[in-house]
Amino acid sequence: MAVNLNNSNVATRENRIGSITGYVGTLKDLAEKSECGTLKGCSRCFSQSSTCLSMCGLSQLAAIRDVAIIHHGPAGCSVSGAGSYYMSKVMAKKRGVTSDTVYVGTDMNENDTIFGSTASLRKVILEVNERYSPKAIFVSSSCATGIIGEDIDSIVDDVRDEVGVPIVPVHCEGFKSRIWATGFDISDHAVLQEIVKPPREGVKTNKINFKNFFESARPEIIEMFKNFDLDPVFLYCNSTVEELSHLSESLATTCICGTLGNYLGNVLEEKYGVPYVRTINQCGIKGFETWLREIGRVTGRSDKVEKYIEQERAIYIPQIEEVKKQLEGRTAVLGMGPGYTFEVSRVLDELGIKVVWALAWHYDKKYENGEVPPSMKYLLENDIDFETSVADQQNYEVMNILHKYNPDLYFSRHPGSTVWAIKNGTPAVYVADEYTMFGYKHTLEFAKSILDAINNRSFEENLARRSKLPYTDWWYKQNVDTFLEEAK
């Protein structure tokens with residue numbers, strides 16, 4: 001991948017890595033066509049189950065401590081900032097630190113959309129800088145500013161010397177991509193453009209960049225990495241501008257989810273030579289051990305890693321095997337983002353649970369290094385196959401699939417469809433936390449939670465008896481394979 005950090009725009013996932021938002025078939029077909037380059041996506045004529053990429057991008061930046069987000073657009077566009085602002089404050093308090101990050105909207109009106117509002121944007125930037133003294137300023141576009149061609153880059157360049165802190169334009173127009181994960185790449189691009197600096201000469205470090213969402217397992221991971229003499233730098237939640245400026249000096253970069261961190265990891269490797277750990281992620285036993293061994297290899301700590309693995313296996317593997325005996329032969333349907341759909345599928349296979357259908361919000365054909373995502377490559381190499389579809393996570397479609405396959409469990413990383421599955425009488429496991437099945441301990445906890453969901457079904461059964469769903473018998477009798485094929 002040839003990255004251009006001199007351009008404030010970053011190509012969408014559709015154009016950059018061939019991501020798609022429409023597919024129905026099998027896992028093996030999806031993986032094989034990805035590998036040989038023949039995979040073609042299709043457009044959906046109707047979809048309301050996604051989200052705005054600007055929310056994904058700006059929520060990442062808003063999690064950085066003591067920065068300012070200036071969202072240049074109508075008031076409605078800044079509504080998503082409320083959640084991001086609240087979350088950054090909650091995460092900071094939980095960590096025991098203080099974050100003075102502010103999220104400001106420019107409140108464009110009809111007059112601004114006709115005649116432009118770069119002059120008022122300039123005033124807002126200077127006022128925010130004077131009032132809040134942020135360590136960095138991110139000036140974001142919106143759909144409205146993108147449509148009228150508002151030149152935020154020139155305004156940023158014009159005020160750069162006046163503000164005296166890193167300031168970067170963020171092109172986050174919601175309409176530019178159907179894939180919300182493009183927002184993650186946009187936030188990474190902004191950080192790489194203005195915050196990350198070249199490594200200082202003579203500086204040696206034991207740090208490893210760890211990109212995650214909310215650092216909920218921070219203390220646990222810090223303790224684990226002490227075994228390998230590594231010091232994790234968590235991104236971006238609660239990180240500081242100073243910490244981010246030295247990412248190029250780290251020994252390696254890794255992430256909790258390939259969808260979240262592949263752009264940052266690949267650029268740091270290409271531009272600064274920081275190795276990016278490209279493996280199946282840390283979910284489950286196989287993923288955790290593969291990930292740790294690759295970290296050991298690239299940082300020269302393989303002996304310490306093997307010692308740790310041996311100790312942990314002795315504690316947890318016998319317990320996991322006991323629970324696994326009670327899960328063998330169960331069936332499941334999944335509905336998650338691609339970074340988890342095909343990773344959780346692997347973990348369920350490890351636990352003896354058969355996946356009968358997996359739905360992904362989108363699918364990345366190949367990552368920046370030109371390779372098929374590791375999760376897909378693993379499933380293909382281990383001859384694991386099941387029905388697979390992309391971006392058909394409308395509630396009415398999920399309900400049709402659940403009704404046809406009648407699985408023992410439904411797994412979702414998004415709460416809306418979880419609720420509908422329960423109303424249908426299907427036990428559901430909401431995989432909310434990114435560390436739900438991280439390593440040995442959490443894989444054991446995950447297996448036990450699945451067992452609890454299977455054995456305690458009274459809530460689902462009672463709710464299903466008392467819920468009147470809007471779907472007719474006619475709808476449930478439709479052949480979901482044919483329906484989805486026709487939807488292409």
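This is a predicted model: local features need pLDDT of at least 70, side-chain atom pairs count only at pLDDT 80 or more; totals for chains, interfaces and linings use all residues.
**Close-up 1. Ile 295 in helix α13.** Find Ile 295 in helix α13. Is Ile 295 buried or exposed? With a relative accessible area of 1%, under the 20% cut-off, Ile 295 counts as buried. Leaving aside residues up to four places away in sequence, Ile 295 touches Ile 208, Phe 225, Leu 230 and Val 277. Now look across to Glu 445, which sits 150 residues apart from Ile 295 along the chain; the two C-alpha atoms are separated by 24 Å.

**Close-up 2. Arg 218 in helix α10.** Arg 218 belongs to helix α10. Its relative accessible area is 18%, so Arg 218 is buried, given that buried means under 20%. Which residues does Arg 218 touch, not counting those up to four places away in sequence? They are Arg 95 and Phe 234.

**Close-up 3. Strand β9 and its pairing chain of strands.** Strand β9 (residues 331–336) is mostly covered, with 6 of its 6 residues buried. Thr 331, Val 333 and Gly 335 point one way from β9, Ala 332, Leu 334 and Met 336 point the other way, and all are buried. Next comes the pairing. β9 and β10 (residues 354–360) pair in the parallel sense over 6 bridges, and Leu 334 has Ala 358 of β10 as its bridge partner. β10 in turn pairs with β11, again in the parallel sense, over 4 bridges, with Ala 358 standing opposite Thr 388 in β11. How does strand β1 (residues 23–26) run against β11 (residues 387–390), parallel or antiparallel? Those two run antiparallel, joined by 4 bridges, and Val 24 stands opposite Ser 389 in β11.

**Close-up 4. The largest pocket.** This pocket holds about 870 Å³ of space. Its lining is made of 36 residues, and the ones nearest the centre are Cys 56, Phe 184, Phe 213, Phe 214 and Arg 413. Helices α3 (53–62), α4 (79–95) and α15 each give two or more residues to the lining. The largest share, 6 residues, comes from α4. Sorted by class, the lining has 19 nonpolar, 14 polar and 3 charged residues.

**Close-up 5. The largest cavity.** The count comes to 3 cavities of 30 Å³ or more, and the largest has a volume of about 250 Å³. It is lined by 24 residues, and Gly 258, Thr 279, Glu 343, Tyr 367 and Pro 374 are the closest to its centre. The elements giving two or more lining residues are β8 (252–255), α15 and α16 (374–381). Here the largest share, 4 residues, comes from α15. By class, the lining of the largest cavity divides into 14 nonpolar, 7 polar and 3 charged residues.

Terms used. Residues are numbered from 1 along each chain as its sequence is written. Side-chain values use heavy atoms; hydrogens and water are left out. On a 1 Å grid over the protein atoms alone, a cavity is a set of points where a 1.4 Å probe fits but cannot get out, and a pocket is an open set with protein on both sides within 12 Å along at least five of seven lines; lining residues have an atom within 4 Å of a point. Grid points are joined across faces, edges and corners, and a volume is the space filled by probe spheres set on the points. Ala, Val, Leu, Ile, Met, Phe, Trp, Tyr, Cys and Pro count as nonpolar, Asp, Glu, Lys and Arg as charged, and the others, Gly among them, as polar. Buried means under 20% relative accessible area, exposed over 50%, partly exposed in between (1.4 Å probe, protein chains only). Two strands pair if DSSP finds at least two bridges between them. Contact means heavy atoms within 4.5 Å.
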